[in-house]
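Here is a short note for someone opening this entry for the first time. Please keep the model on screen while reading the points.

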Amino acid sequence: MERFVSTVKCLIDNLLHKQPTDYEEVIEKLFSEVSGLEGFPKIPDPQLEECAIQLWNWAVTKNVGSTISTNQKAKVRHVACSLLCCCEPENPTEGVIRKQILMASKTGRTWLDCKNPQMADNFLRLAVKSLETLYGQLTSRGDGAADSASSKGDVEKDLLRILSCQAESAVTQGNNHEAVVYMQRCKDMLLRLPKDTAYISLMCCNFGIDTYNQRKFEDSAFWLSQSYEIGKMNVKYAPGSEVQAKVLRLLATVYLEWDCQRFQEKALNAVSLANKECVSASGLYLKIRILLKCGASDDHIRAGFNEMLESKVSLELCLSTVKLLMSEDREMLAFEYLKRVCQHFEASPDLGTALVLHIELLLQRGKELLGKQKIEDIITGHYTGKQLSPQALTSLHVMLWDKASNHFEARNYSEALQWYNYSLSFFKAGQMEPNSAKLQRNRASCFLQLKQLEKAKEAIKEAERCDPDSIFTHFSVYKIAVQENNVEKAAEAVNAMGLLSKSAAASSDGLLVSENAASKLLSLAAQIALENEQQETAMKALESLCENSEDEAQVLTALRCLVRLVLSRIEQSSDDMRHVSLDVLLPYLKMALQKVSHQSRLTVEQRTEEANWFRKIAWNSALQCESSPDRMRDFFVLSYQLSQLCPPDRTLLMGQKTCLLMAAAASLELFRKSLHSAQTEQLTQALEYIQICWEVWKTLKASGSSPMDPTDTLLLLYEFEARAKLNDPKVGTVLESVLELENVEIKVLETIAALAMEPPAHFPLLCKKALRVALSLHKKQPQADLASCSKCVHSLIKLSLPSGVSEVGAHVLEEVWDYYEEALSVITAAPDDFPEMETLWLLTRAWNTGILLYSLAQYPEAEKWCGLAMSFVRHLGSLQESYETQMSGLYSEILDRLDKAKRNLITEE
C-alpha cells in the first residue's frame, strides 16, 4: 500500500506541473492505479487527502477545461473522489461528508456525460449513501432547529438531483422499470421542492425523446405523459405553456407513429391539448397529419383547415399541407384547400409559389390542359404587373423544362417545343444569360427534329449571342451544319468543341463542363455524322475526341471507329488513293500504341484485347504496302510494338519475328532507293531490327524450331548487307556465321559475294571467300550447274586479276592459275555444256596475261600463260577453227620472240 501511495502522489505531482500536451499519459497511469483498488481501503494519510483535493481543484480550473477532454476529466474526478474516500476517517465530520457528496455526485454526472452509465452508478450510489449519513447526523442534532431544517432541505435538493441522475443512467441502460422507481421518488419530493418542477418535467421529456429515437414508443409515451403531468403539478414553477405544448405534440407524434388506428383518440387529444396550451403552426399541421392517417372525414379535415387559416399560419405551411393531402390521395380536398389558400393569400407577394404548386399538381395528375391554362394566366399576369417572385419563377422554369424534356424523350417534339416556348415567354427580348442560351439550344433541337431548319438556325443564332463560349452551343451549330451537309462549318464547330473541352468551359447552367461530358458530346457528334453518311465529318469529331479525352478506353473506342472508317475507304479506293488512306491510318495506330502502353484504368485483359486488335490491323495494313517499303516498315514495326503488350506465346513470337524481318528488309530496300544523306540512318535502323529479331529468334529456337526454317539465313544475309554497306569490320564475322550454317545454300553465298562488292561496299577478299565455297559446293552437286560454275570462276579471276593492271605479283598469278585449272577441269568434264563465250573470255584473259608478262620481260611466265590460252582453243566449238588459225600464228610468233629474247638475255650476261 505504501508503494501505491507513493506512486499516486508522484503521479499527481507530475500532473499538476506538466505541460498541456503531456496530460494524457499521466491521467491514464493514475486512473489505472486507482481503478485497481478493491472497494475503498482505508488509507489514513493527510498528505494523500490533500493531493486528492488539489487534483479535484485542478480538474475544475477554468484554464484546464479546454485542454483535457470530458473523458479525461471524468477519470481525474474518479481518481480524486476515490482517494478522498480512502482517506475518510472513522467518524467523518459534516464537512468531509459534504465534500464526498459533492465529488461523488459530480463524478457520476461526468461519467454520464461520457455515456458510461455503469461507471456513473458507483459514484451516484456513493453520493446517496453519503447523503443518508449526513441526513442522519442532521436529524440526531437537536440544537438549532431552523438551521437544521435548512440543511435538511439542502440534502433533499441534492438527493433529488442524484436520483434524477440515477434515473437517467437507468434509461440509458434500458432499465426503464428502475428509472420509473427513481423518478417516482423525485416526483414525490416535488411536494417539498416545488421549484424543481420544471427540472424534473424536462428530465422526463428528455427521456421521452431518447426512447422515441430508439423507437421504444411505449416507454416514450410514458415519459412524455409524466413530463406533462409533472408540469401541471405546480403551474407557478412549471416549464411554461410553450414547453408543455411541445411535450404534448411529441406525445401525439409518438401515438401517430406507434399505431395511429389504435391510439387515434389519444393522439388527437394530445395535439388538441397542445393547441390549447399554445397554438402553433406545427401543432395545427400535426393535427391534419393525424386526421389523415386515421382516415377522418372531409368535414373534420376542413375544420382543421379553418383552424390553420384562422391562426394566420404561413403560406409555406399551407402549401405543405396541400402536398400532404396529395400524398394521402385526398386530391379533391387538396385542390379545394389550395383554392382557398390562393384566395386567402391573394395580396401576398409569395402567392406565385401557390400558383406554381397548383400547376405542378395539375400536371402530376395528367391534367395538362388545365395546367396550360394556368401557365398562360401566369404569363399574362407577368406582363400586367403580377410577376412571380424569382424563386417561384425558377421553380416554374424547372417544371416547364422537365415537362418539355419528357415530351422530347417520347418524341413528341411539337409538344416539347410548346413547353419550351412557355418558358421563353418569361425571358425579356435580348436578355443575356446562360439559361436563355440553353433554352434556345433545346428549342433548336426540337426544330431540327421537326425538320424546320431555318427556325433551328434562328434559335442557335440567339444561343450564340447569349453564350458564345458554351460547348453545347457549338454542338448545336454542328448538328445544323451536318443537316445542311456543310462540312467546313461542321469542322469549325468540332474544333471549337475540342478547344473548349480542354479549357473546362462554362456550360449553360453556369457549372463547369466535365471532361467526360465534353467527350460524350464529341462522340455523339461523330455518331450524328455517320447517321447522315458524312464520314469526313465523323472522322473530324473522332479525331478531336482522341486529342482531347484523357479516358484511354474512350479514346481506344474512338480509334477503332476511325480505323474501320479508313479501312472501308481503302477497300473502295484505287492503288494511288490506297496509299493516301494508309498514311491517314498510320497516326491512328501510333496513338493506339501510346494509349495502350500508358498505365491506366484498363484491366490486363482489356489492354491485351486492345493491343491484339490494333496489332492485327497494323499487320494487314503492312501487307498492302508491297510497293511502298517505308509504309511497310512503319506498319510492321507498329505491329511488333503492339504485340509486346500481349502475353507472349509461340504464335505471337512468330509474328514478332516476321514483323522484324520484314521491317529490316524494308529498311534495306529504302537504303537502295534513298539519297546518300539518309542511307546511314536506314542501315542503322535495319541493324537495330535485326538485333531485336535475333533475340526473338533465340527464344523461339529454345522451344524448338523446324530445320527448314530460313530465319537464320535471312537474318545473316540482311546483317551482312547492312554491315557491308556501313563498311563495318564485323562483316567478316557475319560471313563466318553463314559458313557455319549446317546446310548453307549456294545461292546465299553467291548473294553474299555480290553484296560484298556492291557499292558502297568493297570487300573483295570476303567476296572471293564466298565464291570459292560456292564453287566447291557446285562441284559437289550430283549434276553440276556449269553455267553457275563458270560464273564463279569468272568472278574469282576478275577479282584476282582485274583488267588494266600494269604488273602482277607471283602469288596472284599462282591463285589465278588455280582458278584456270578449275575452269579446265569443269570444261573437260562436260565440254559440250560449258558456255562457248565463257571459254572465249577465259582464253582472251589468259592470252592477255601472257602478253602482259612478256612486256614485263617475264618470259617463262609469259610462255606459260600463252600456252594456257592455247589450251582453251580446242574447247571453242564453232569458233575453234578461226581462232586456232589466228592463235597458232600468234603463238609461233610469240615463241620466236621469246627465244630471241632469251638468247639476247644470255648474250648480255
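1. Start with the buried residues of helix α1: F4, V5, V8, L11, I12 and L15. Buried means under 20% relative accessible area, exposed over 50%, and partly exposed in between (1.4 Å probe, protein chains only). Helices (H or I, at least four residues) and strands (E, at least two) are DSSP runs, numbered from the N terminus. Seen down the axis of α1, the buried residues fall within an arc of 135°, so they line one face of the helix. That arc is taken from the directions from the helix axis to the C-beta atoms.

2. The face of α1 turned away from the buried side carries E2 and R3, which are exposed. The buried residues of α1 pack against α2 (23-35), α3 (46-60) and α5 (70-86). Contact here means heavy atoms within 4.5 Å.

3. A word on the source. This is a predicted model, where local features need pLDDT of at least 70, side-chain atom pairs count only at pLDDT 80 or more, and totals for chains, interfaces and linings use all residues. Residues are numbered from 1 along each chain as its sequence is written, and side-chain values use heavy atoms, with hydrogens and water left out.

4. How confident is the predictor? The average pLDDT of the protein is 86, and 94% of the residues score at least 70. Over residues 505-512 the pLDDT is below 50, yet this stretch has 23 contacts in the model beyond near neighbours in sequence. pLDDT is the predictor's confidence in each residue, from 0 to 100.

5. The largest nonpolar core has 177 residues. Such a core is a set of buried Ala, Val, Leu, Ile, Met, Phe, Trp, Tyr and Cys residues joined through side-chain atoms within 4.5 Å. Residues with the most contacts inside this core include Y478, F720 and W865. Leaving out residues up to four places away in sequence, Y478 touches A490, A493, V494, A525, A526, A529, T537 and A541. A second, separate core has 71 residues, among them I12, A80, A104 and A127.

6. How many salt bridges does a search of the whole structure find? The count is 38. A salt bridge is a side-chain nitrogen of Lys or Arg within 4 Å of a carboxyl oxygen of Asp or Glu. One of them joins the side chains of K187 and E229 (3.8 Å, N to O). This pair links distant parts of the chain: K187 sits in α9 (residues 176-189) and E229 in α11 (residues 217-233), 42 residues apart. K187 is buried at 17% relative accessible area, whereas E229 is partly exposed at 37%.

7. Other pairs sit within one helix. E462 and R465 form a salt bridge, with the closest N and O atoms 2.3 Å apart. They are 3 residues apart in α23 (residues 453-466), so about one helical turn separates them. E462 is partly exposed at 25%, and R465 is partly exposed at 34%.

8. E719 and R723 also form a salt bridge, at 2.9 Å between the closest N and O atoms. Both lie in α34 (residues 711-725), 4 residues apart, so about one helical turn separates them. E719 is buried at 10% relative accessible area, and R723 is buried at 10%. Salt bridges that share partners also join E669, R672, K673 and E721 into one network.
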